[in-house]
Every structure is written in C-alpha cells, then in structure tokens.
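Here are a few quick notes to go with the model. Have it open while you read.

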Amino acid sequence: MPFRSKVQPININGVGMRQAPRSRLKRLFERQFSLKNLAGVDSSLSRENSEEIEPSSVCLRRMVQNYIEDPDSEKQSKCIVRNRCNCFSGSGTDSSDEDDEESSSSRRVLRSLKSLLLCANVSERDLETKTTEIVEREVEDKSRLKNVVDELVALGYDAAICKSRWEKSKTKSYCVPAGDYEYLDVNIGGERVLIDFDFQSKFEIARSSETYESISKTLPYVFVGQVDRLTKVVVFLSKAAKTSFRKKGLFMPPWRRAEYLLTKWVSQYDRTKQTQGETSGQAGVVHP
C-alpha cells in the first residue's frame, strides 16, 4: 500500500486553505490575500503563537506581502539573499582579490631582485663560483678573509683585503656613528669587484612581512659584484624593508636606510694585498 502524506487544512480568519509545498510557491503568490488579513495574521500569530511560530513562516508571509505591494521586490529579495549567502559562506571576492594582488606584487619584486643579483659578465660569474667554493671550505673565524685572499691569489686573481673607515656624520633625520668594516675586492680588467661574506644576514629584520622574508631568503651568502650593482641592490632592499615596516605599522629605523648601509662599502678604504707572503698597504678612495 503506497504511503500518502496527509496535508492538514488550516483556517485563517475563516478562509480554508491547504499548506502549499515549497515547489508551488508561485501559486501562493497568485492567491488574492488582502493586506488587512495578512496584517491581522501577523499580529495574531505574534500575540498568541509567538513561541510556536517558525522563522520560515515569518519570512514567507513577508515575502508574500512584499510581492503584493511590489512585484519587483521578488527580484530584489533574490539579490539580497544571494549577497547574504556570499557573505555568510565567506566566499566574498574582496579578500581573495587582495591576496592575489599581494602575491602578484611579491612575484614581481622577487623577479626584479633576481635580475639585480645576476653577475654582469662571465668573469664575475666565475669569480663568484670559485669564491663560494672557497668560503664553504673555510672555517668562519678571524683568519677567513686572509685565507680566501690567499687562495684567490693562488688562482691568479688580483685580490686583497679592504678595510673601510668613516667618521661620525649627522643628517636631519638620523646620525651615522663612526666605524670600520672589512671585505675583499678583486681587480678584473681594470674594474673593481667587491666580495662580501654573510651578505644575507645583513638585511634580516624582525617581524618582517611575507614578501620581505622571501626577499631576504633570495639573497646569496657571498655577494660578488661591482660597486654600482651593489648600490642598486642595497637601495632595492632598503625600499622593500620600508614597505615591510609600514605593513606592520612600524617605523623604519635609520640603520636600515640605504645611505646608512652603503657606508661600509663606499667609504674610504685601505687595500692590503698579499705579495709573496708579505703584506703591503695600498690606499684607495671610492666615491659614492
């Protein structure tokens, strides 16, 4: 015997009707209800059966009333419901668009940095490869600079240790204390190529953004390049650090500025060259 569901008739102000299924909602809209009766139903239900009424019934009566007043309200209701569903489900496009834009910007920044880190010519690339191999074999101590220079000289390079010094200087926004710094340089075809160890750690910052963290990880441990390319890299990193600090709601400290960072490489320096086991001093000046 097939199962048949029983539909109980309901009586609203003496008018007999059957509860319409959800698929026949359009028929309900076509019924001629008076606004007065609907208002009476709303008020009586709210007073007598406020605890038993379902939220769907209230929404249904409001939809019917809005439809009778303005047939176009059905379209508006659909739009409202659709927007509410998007918000409720968290599928809004604003946050995803922002994430996509930030990801695209991060990729562009990394591409620009990698292009700056490329060696200018084959001679620089060979020097970078050989220096990296030597540094990886050496123990990190005070004699590492001298040992690397000795091995580069043994390979036929005009290499030397450079010690830069600068006096205390002051600008309107920050002060650079006096200091000194040691690095290597190699003379290749009349061009001065700088070599610096542990280059990556010099640009690490606390509480960095995801983009800047990716940038710092892209930097090499050993930098090999001419002064002009080094300057471009430092300026690029300083701007990236400023953007990272701004995103975190922090002020950029003065020692993260490009002018401050470049002091150790572009100041006056003394060049100490190994010649047949003896040390000779050679002074030079580098202009920013």
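1. Let's begin with Arg229: this is a predicted model, and in it Arg229 sits within helix 9, which runs over residues 227–247.

2. Is Arg229 buried or exposed? Its relative accessibility is 10%, and buried means under 20%, so Arg229 counts as buried.

3. Which residues does Arg229 touch, once those up to four places away in sequence are set aside? There is a run made up of Leu116, Leu117, Leu118, Cys119 and Ala120, and Glu124 is on the list too. Phe223 and Val224 complete the set of residues in contact with Arg229.

4. Helix 8 (residues 210–218) is worth a look as well. Its buried residues include Thr211, Tyr212, Ile215 and Ser216. These four lie on the same side of helix 8, because the arc they cover around the axis is only 135 degrees. Turn to the other side of helix 8 and you find Glu210 and Lys217, both exposed.

5. Now for the whole protein chain. The secondary structure amounts to 10 helices and 10 strands. There are 288 residues in the protein chain, and 30% of them are buried.

6. On contacts: taking those in the protein chain with a separation of 6 or more, 60% are between residues 24 or more positions apart.

7. Last, the surface. The protein chain has an accessible surface of about 19900 Å², and carbon and sulfur atoms account for 50% of that.

Methods: Residues are numbered from 1 along each chain as its sequence is written. This is a predicted model: local features need pLDDT of at least 70, side-chain atom pairs count only at pLDDT 80 or more; totals for chains, interfaces and linings use all residues. Side-chain values use heavy atoms; hydrogens and water are left out. Helices (H or I, at least four residues) and strands (E, at least two) are DSSP runs, numbered from the N terminus. Buried means under 20% relative accessible area, exposed over 50%, partly exposed in between (1.4 Å probe, protein chains only). Contact means heavy atoms within 4.5 Å. Accessible areas come from the Shrake-Rupley method with a 1.4 Å probe; for residues, only the protein chains shown count as cover. The arc is that of the directions from the helix axis to the C-beta atoms.
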